[in-house]
Amino acid sequence: MRNYTQFYIDGAFVDPITPKTAEVINPATEAVSGTISLGSEADVDKAVAAARRAFASWSVSTVAERIDLLGAILAEYERRERELGEAVTEEMGAPLSLGCGFHTLLGKGHIGTALEVLKTYKFEEERGVTMIRKEPIGVCGLITPWNWPMNQTCVKIAPALATGCTMILKPPQLAPYSAQILAEILHTAGVPAGVFNMIQGAGSVIGAALSRHKDVDMISFTGSEPVGVQIQKDAADTVKRVGLELGGKSAWIVLDDASMAANVAGATGGMMGNSGQTCSAGSRLLVPAARMEEAIAAAAGAANGVTVGDPTGNFAMGPVVSKSQYNIIQDYITKGIDEGATLIAGGPGRPEGIDKGWFVRPTVFVGNNDMVIAREEIFGPVLVMIGYDDLDHAVEIANDSDFGLGGYVSGEDLTVARDVSKRMRTGAIWVNGGFDFNAPFGGYKRSGNGREWGVEGFAEYVETKAIVGWNAAG
Ligand code: NDP
């Protein structure tokens, strides 16, 4: 049992001002796995005051000091990486191989990338008579979700530290353990008091208090669209910057010249990774209508081949994060059947032989783009395959979405694949796979308004100042 009832404020682990606790549930067993504290507005005031005080010195720290600090954090993160991965598995149900693999690797990658970007980042640039300075925006509120906990915390904390900002992290109630360990890592690595603070608790209390706070200069949020909208409203009165990374309904276009079976199987397996709880998951798989039979065989085979079970065992897929998420996904599966989509793998209920834990069957439908299951983000292991007539039709379907976060194109002819990628209205496209920590990540349309990762991730945390007359006119 984990007992994480203290917050991290002003360089120390401290009790909440008003004691209040909540149990954390292991989604694989439905048993209580530990206890956290739920903070109040008074804790937020205390943390914001600490961050404001620390901003005076951290904002003028040297690049060399920040490079040293990020290096120390990276080393301490690596030392405790296994522990972090085990915490991720326990809190949100990712298989251990994933929790101690891609989950922690993403966090580490963002810290390492921020460190590298910082080495050459132009904080000052002279342009004619003017000096353009990038200055830290101030005290930042970082509000994160449970689906990729280390990815989403580190992608915010690392550039915020690198640019000279101070911050208050509000981790998700559903996945609080890894954030607590991360706070310990930052403490041991020597982050100066008040620069990083962390308060656990309800988003409607802590998140809202940060969003409304007059002494918080910026909010970076990753999560659902309704909460993103609420944060913007809460932040409006103080005119603070709000960076939003929201949901998606990303299309994966398999072009006619691609190896159909391999790509459809790969896309299906990818959709089931992390139990489908990935904002940029390719949840709409677009295949040539004339080759639908081939695609169905490949998708059904791949989905049926995904082993589901105890995340500490040797299974490809664990549970989804909570009972409520399980119920939402079950409702979508029922909706898909009711609206006439053809179920080719999975379906309602838990996988055979499992009667406990929030396990969902890897599910694939064949449907059309007007169906609810093709329009709304399900955030579970549910894929909808849609046939297209020609390239224009494929692009039209891909772009016919309220979201615009990710997109995928598979094809042999790179010229065609590139052309399709340029026509898709989303923030990121992966052409025949690939991975890049320096590629900016964020959404068009209702998928958000910010860009994280790499050098673009720094832009969220800096103000631009023009000092005109810095140089005498020539
Ligand atoms: P939520 O939006 O419910 O929660 C995200 C965070 O916001 C949590 O820490 C939550 O706190 C907090 N929060 C809740 N209400 C408020 C509020 N009124 N003010 C401020 N903060 C608040 O999302 P989920 O955690 O349920 O994540 C799943 C959703 O997020 C999906 O729709 C998914 O697509 C999207 N998402 C997008 C990503 C992206 O990069 N674009 C990445 C990951 C997820 P609490 O702990 O109380 O819930």
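I take buried to mean under 20% relative accessible area, exposed over 50%, and partly exposed in between, with a 1.4 Å probe and protein chains only. The model is predicted, and I note that local features need pLDDT of at least 70, that side-chain atom pairs count only at pLDDT 80 or more, and that totals for chains, interfaces and linings use all residues. Residues are numbered from 1 along each chain as its sequence is written, and side-chain values use heavy atoms, with hydrogens and water left out.

**Entry 1**

I looked up Asp 10 first. Its phi is near 55 degrees, a positive value in a residue other than glycine. By relative accessible area, 34%, Asp 10 is partly exposed. Asp 10 lies in the loop between strand S2 (7–9) and S3; strands here are DSSP runs (E, at least two residues), and helices are runs of H or I of at least four, numbered from the N terminus.

I then turned to Asn 432, which is not a glycine either and has a positive phi of about 50 degrees. Asn 432 sits in the loop between S20 and strand S21 (444–445). The residue is partly exposed, at a relative accessible area of 42%.

**Entry 1. Strand S5 and its partners**

I examined strand S5 (residues 32–37) for cover and found five of its six residues buried. Next I listed its pairings, counting two strands as paired if DSSP finds at least two bridges between them. Strand S1 (residues 2–4) pairs with S5 in the parallel sense over three bridges, and Arg 2 stands opposite Gly 34 in S5. S4 runs antiparallel to S5, and five bridges join them. Thr 21 has Ser 37 in S5 as its bridge partner.

Which residues make the nonpolar surface patch of about 300 Å²? I found Met 1, Ile 25 and Val 32. Patches are made of residues with over 30% relative accessible area and no salt bridge; like charges are joined within 9 Å, and nonpolar side chains (Val, Leu, Ile, Met, Phe, Trp, Tyr) within 5 Å. A salt bridge is a side-chain nitrogen of Lys or Arg within 4 Å of a carboxyl oxygen of Asp or Glu. Accessible areas come from the Shrake-Rupley method with a 1.4 Å probe, and for residues only the protein chains shown count as cover. Ile 25 belongs to strand S4 (residues 21–25) and is partly exposed, with a relative accessible area of 38%.

I found Lys 20 in the loop between strand S3 (12–14) and S4. Lys 20 is exposed, with a relative accessible area of 53%. Its C-alpha atom is separated by 25 Å from that of Asn 147, 127 residues apart along the chain.

**Entry 2. The sheet of three strands**

I traced an open sheet of three strands in the order S6-S7-S22, with antiparallel pairing. Strand S6 (124–127) and strand S22 (462–468) stand at the edges with a single partner strand each, so one side of each is left without a neighbour in the sheet. From one strand to the next the twist averages 25 degrees; axes are lines fitted to C-alpha atoms, for helices over the stretch in contact, and angles run from 0 to 180 degrees between N-to-C directions. Seven bridges join strand S7 (residues 130–136) to S22 in the antiparallel sense. Thr 130 has Val 468 in S22 as its bridge partner.

**Entry 3. The sheet of seven strands**

I followed a second open sheet through seven strands, in the order S15-S16-S17-S14-S13-S19-S20, with mixed pairing. Strand S15 (342–345) and strand S20 (430–431) are at the edges, and as each has a single partner strand, one side of each is left without a neighbour in the sheet. Strand S14 (residues 284–288) pairs in the parallel sense with strand S17 (residues 382–388) over five bridges. Arg 284 stands opposite Val 384 in S17.

**Entry 4. Cysteines**

How many disulfides does a search of the whole structure find? I recorded zero, a disulfide being a pair of cysteine sulfur atoms within 2.5 Å. The sulfur of Cys 140 has its closest cysteine sulfur in Cys 165, at 3.9 Å, too far for a bond. Cys 140 is buried, with a relative accessible area of 0%, and Cys 165 is buried, with a relative accessible area of 0%.
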